[in-house]
Amino acid sequence: MSPAPADPEDAGAPHPAPADDAAASGAGAELRLDGEEAMLFDLADAIVGLARLIQVSDVQTAGVATLTGTEIAVLRWVHRHPGTTSGETARATGLHRSNMSAALRGLVSKGLVLREGDPGDSRLVHLRLTELAEQDSRRIRLHWAEVLRERLPALDDEDRATLERCVDLLTSWEGIGPR
């Protein structure tokens, strides 16, 4: 049986070294994860798995607009930072200005984002979600919660408190806090 063709999404992903040569010669020793590195890898792996589960769930069944990944990143930032500018949003999301502009044009054309001029500085434009975007955001949050509820066992109070602490930790890097 021939090996499966390489998955293009695996390009650049670390692959375990074959046990025969690399481990024996010590060449793969620097790739071993122990202690905190192993825990952080497990955390990242769990997050990627959950993200994939959520990503493949069909949010269109929740009756929301079809969005690209870039549009979702912009919409998410504007939702958490009403009145932000496109420059602030581009920096915060790591988008190049051209990608930011394209995403913003798409969101405006879909009726999800409003551009508001700054009365004190005509060069500035502030971004806000429309009511439609707020409604879609609520639908998406409910849909994603249901997707996770179907996969998670019934949570007791201790598990719920642990997950709430995890949400706080996982959202702190954005400087946004949970919810």
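**Charges and core in a predicted model**

Modeller: Start with helix H6 (residues 131-151): Glu146 and Arg149 both sit in this helix, three residues apart, about one turn of the helix. Helices here are DSSP runs of H or I with at least four residues, strands are E runs of at least two, and both are numbered from the N terminus. This is a predicted model, where local features need pLDDT of at least 70, side-chain atom pairs count only at pLDDT 80 or more, and totals for chains, interfaces and linings use all residues. Residues are numbered from 1 along each chain as its sequence is written, and side-chain values use heavy atoms, with hydrogens and water left out.

Biologist: What do the side chains of Glu146 and Arg149 meet in?

Modeller: A salt bridge, 2.7 Å from N to O. The term means a side-chain nitrogen of Lys or Arg within 4 Å of a carboxyl oxygen of Asp or Glu.

Biologist: Is Arg149 buried or exposed?

Modeller: Exposed, at 53% relative accessibility. Glu146 is partly exposed, at 35%. Buried means under 20% relative accessible area, exposed means over 50%, and partly exposed is in between (1.4 Å probe, protein chains only).

Biologist: How many salt bridges does the structure hold?

Modeller: Seven. One of them joins Lys110 and Glu71, at 2.8 Å from N to O.

Biologist: Which parts does that pair tie together?

Modeller: Lys110 is in the loop between H5 and strand S1 (113-118), and Glu71 is in helix H3, so the pair ties together parts 39 residues apart in sequence. Glu71 is buried, at 6% relative accessibility. Lys110 is partly exposed, at 31%.

Biologist: And what about Arg128 and Glu116?

Modeller: Their side chains also form a salt bridge, 2.7 Å from N to O. Arg128 is in strand S2 and Glu116 in strand S1, 12 residues apart.

Biologist: New topic. Which residues touch the most other members of the largest nonpolar core?

Modeller: Val74, Leu75, Met100, Leu107 and Val113, out of 15 residues in that core. Helix H3 (69-80), helix H5 (97-109) and strand S2 (121-129) each supply at least two of its residues. The largest share, four residues, comes from H5. A nonpolar core is a set of buried Ala, Val, Leu, Ile, Met, Phe, Trp, Tyr and Cys residues joined through side-chain atoms within 4.5 Å.

Biologist: Back to the surface. Which residues gather in a patch of negative charge?

Modeller: Asp156, Asp157, Glu158 and Asp159. Patch residues have over 30% relative accessible area and no salt bridge; like charges are joined within 9 Å, and nonpolar side chains (Val, Leu, Ile, Met, Phe, Trp, Tyr) within 5 Å.

Biologist: Where is Asp157?

Modeller: In helix H7 (residues 157-172). Asp157 is exposed, at 68% relative accessible area.

Note on methods: Areas by Shrake-Rupley, 256 points an atom, 1.4 Å probe, with all protein chains shown as cover. Lys, Arg positive; Asp, Glu negative; His and termini not counted. Charge placed at Lys NZ, Arg CZ, Asp CG, Glu CD.
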